[in-house]
Amino acid sequence: MMATHDERLRILKMIEEGQITASEGATLLRALDTPQTDTPPLKGAPSNARWFRVRVTNTITGQHKINVNIPINLVNVGLRMGARFVPNLQESQYEELLLAIRHGRQGKIFEATDNDENEHIEVFVE
């Protein structure tokens, strides 16, 4: 699938706002330009789900520190990127996220609070 102008701008905006690194942005842009035949959609992903979203909120101020939306067909890249916001994420939790998506689960699929960093982490499939 070729990236639309809006998708490219969204990725560039995430880099500009510091939500993702330039390297992660480049990875997303390359993935968007990869033909669909080379990167099939995630098997079992809900057909009407379009976005994988990671939101990190400051538990004291309630303000969003991170709010990243990634096209669902880039979910593997998105999970790797999202995992960096949850440093204590165990491999089993990572696998649970993949399984939830593969089984068609939508809405909030993960939630955690890091009291040391005052962060509330949520992952959605929408």
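Strands S3 and S4 form a hairpin with 4 residues between them, and asparagine 118 in the turn has a positive phi of about 55°. Strands here are DSSP runs (E, at least two residues) and helices are DSSP runs (H or I, at least four residues), numbered from the N terminus. The model is predicted, so local features need pLDDT of at least 70 and side-chain atom pairs count only at pLDDT 80 or more, while totals for chains, interfaces and linings use all residues. Residues are numbered from 1 along each chain as its sequence is written, and side-chain values use heavy atoms, with hydrogens and water left out.

S4 is joined to S3 by 7 bridges and to S1 by 7 bridges. Isoleucine 121 in S4 is the bridge partner of alanine 112 and also of valine 56. Phenylalanine 124, again in S4, is the bridge partner of lysine 108. Arginine 53 lies over the face of phenylalanine 124, at 4.3 Å from the ring centre; a charge sits over a ring if NZ of Lys or CZ of Arg is within 6 Å of the ring centre and within 35 degrees of the ring normal.

S4 is largely enclosed by the rest of the structure, because 7 of its 7 residues are buried (under 20% relative accessible area, with exposed over 50% and partly exposed in between; 1.4 Å probe, protein chains only). On one side of S4 these are Glu119, Ile121, Val123 and Val125, and on the other His120, Glu122 and Phe124.

The largest nonpolar core has 23 residues, of which Leu28, Phe52, Ile101 and Ile109 touch the most other members. Such a core is a set of buried Ala, Val, Leu, Ile, Met, Phe, Trp, Tyr and Cys residues joined through side-chain atoms within 4.5 Å. Among the elements that each supply at least two residues of this core are helix H1 (5-16), helix H4 (91-102) and strand S1 (51-58).

Leucine 28 lies in helix H2 (residues 22-33) and is buried, with a relative accessible area of 1%. Leucine 28 and isoleucine 11 are 17 residues apart in sequence and 7.4 Å apart in space, C-alpha to C-alpha.

Terms used. Pairing = 2+ DSSP bridges.
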